[in-house]
Amino acid sequence: MITVENLTKSFPGKQNPVLALRDVSLEVGAGSLYGVVGPGKSGKSTLARVVALQEKPDRGTVRLDGLNTAGLDGRRLREVRRQLAVLDANQPLHAERTAAGNVAAPLEQLGVEGPQRRSRVGRLLDLAGLTQRAAQRPSELTEGQRRRVAIGRALAAGPAVLLADDPTAGIDADEAGAVLTVLDRARAELGVTILLTTQDASVVRRVCDDVAVLDSGRVVEHGSVLDLLASPGSRTAETLLPAIDTPRAQSARYDRFADVVLVGFAAVGALLPEAGSRFGVDLATIGGGLTRVGDTPVARFRVGVNGKQADSALAWIADRGAHVTHPIEGPKSVAA
Ligand SMILES: Nc1ncnc2c1ncn2[C@@H]1O[C@H](COP(=O)(O)OP(=O)(O)OP(=O)(O)O)[C@@H](O)[C@H]1O
């Protein structure tokens, strides 16, 4: 578990200091994939560097499994740093070595020999989806494949934590998807805790369990992605849920309309039709849509409901764990 408490970090600026992090606190559960999302210059890389113990904060603490890292130095600091792998775009692959050789390099440095090394490299190339590319050099690989080699290399020494700073920047959607799959597998199959920074909300939707939204160095929102999706008005929900774009005239045909957020297979598949038949109401989706957060289907629909029991049907849907928001009376019922 990584616990970040009240981190503040500034850099000298031309006139005034630049406050890159302002009182940032967050908790990254062991084995989770935690996303830090925010616009350019919001402090994401600075946060990753401070958590990686590459940079000291002005104030605040970073705890790793409860250990306060502030007072560490010398051998102890090196030991703890070894648990923290950094996926760093500035650390190029060895151009003259193969994909397998690049993944093996940290193991060679640690003196891991023969069959043990081969087996570990094979396992990591498999995890990275690069078994077929083991003998190719970086120049023969795509940028996305090179990033996957770099993930294999970062994981070679068996770190507990991987800090992935903007791992999908500048690559196309398919290649980004493959990089995220490798990170997801590293978490699931190796139990690595991953802190990932990104500007791209779709990265959060695909792989993150938890998220912190950074803006100008401050955490403006944090929590589990699924909880935030269900919390009306959250930035995460607004960014990740399908947009609702329903013309007013269409809503006006209904006694009631409401926005309903549904999380999970059972809810998305069954709740609305069941409410319709149970209460004898005509219930239609008139906007919104379906998306996925990790493996979980998530929907935001605008529903229109006609029938005497429209309110009861919406209340029943809410009682079943759906999040029903802004139930505004339709013009038809106001006139009635
Ligand atoms: N070493 C440094 N020296 C001076 N200023 C810095 C340094 N590192 C970061 N900053 C400043 O701190 C602020 C936060 O930068 P940071 O790189 O952490 O943001 P970011 O969210 O990672 O941005 P991006 O998504 O564009 O990479 C910016 O104003 C940046 O210019």
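Begin by selecting strand 7, residues 161-165: five of its five residues are buried, so the strand is mostly covered (buried means that 20 or more other C-beta atoms, placed from the backbone, lie within 10 Å of the residue's own; strands are DSSP runs of E with at least two residues, and helices are runs of H or I with at least four, numbered from the N terminus). This is a predicted model, in which local features need pLDDT of at least 70, side-chain atom pairs count only at pLDDT 80 or more, and totals for chains, interfaces and linings use all residues. Residues are numbered from 1 along each chain as its sequence is written.

Display the side chains of strand 7 next. Val-161, Leu-163 and Asp-165 point one way, while Leu-162 and Ala-164 point the other way.

Then select strand 8, residues 193-198, which runs parallel to strand 7 and is joined to it by five bridges. Thr-193 of strand 8 stands opposite Val-161.

Proceed to the helices by selecting helix 5, residues 143-155, and helix 6, residues 173-190. Their axes, lines fitted to C-alpha atoms over the stretch in contact, come within 8 Å and cross at roughly 20°. Helix 5 is therefore roughly parallel to helix 6, a term for angles under 35 degrees between N-to-C directions, on a scale from 0 to 180 degrees.

Key:
A residue is buried if 20 or more other C-beta atoms lie within 10 Å of its own, exposed if 12 or fewer, and partly exposed in between; C-beta atoms are placed from the backbone. Two strands pair if DSSP finds at least two bridges between them. A crossover is right-handed if, with the strands pointing away from the viewer, the path from the first strand over the helix to the second runs clockwise. Angles under 35 degrees count as roughly parallel, over 145 as roughly antiparallel, 65 to 115 as roughly perpendicular and the rest as oblique.
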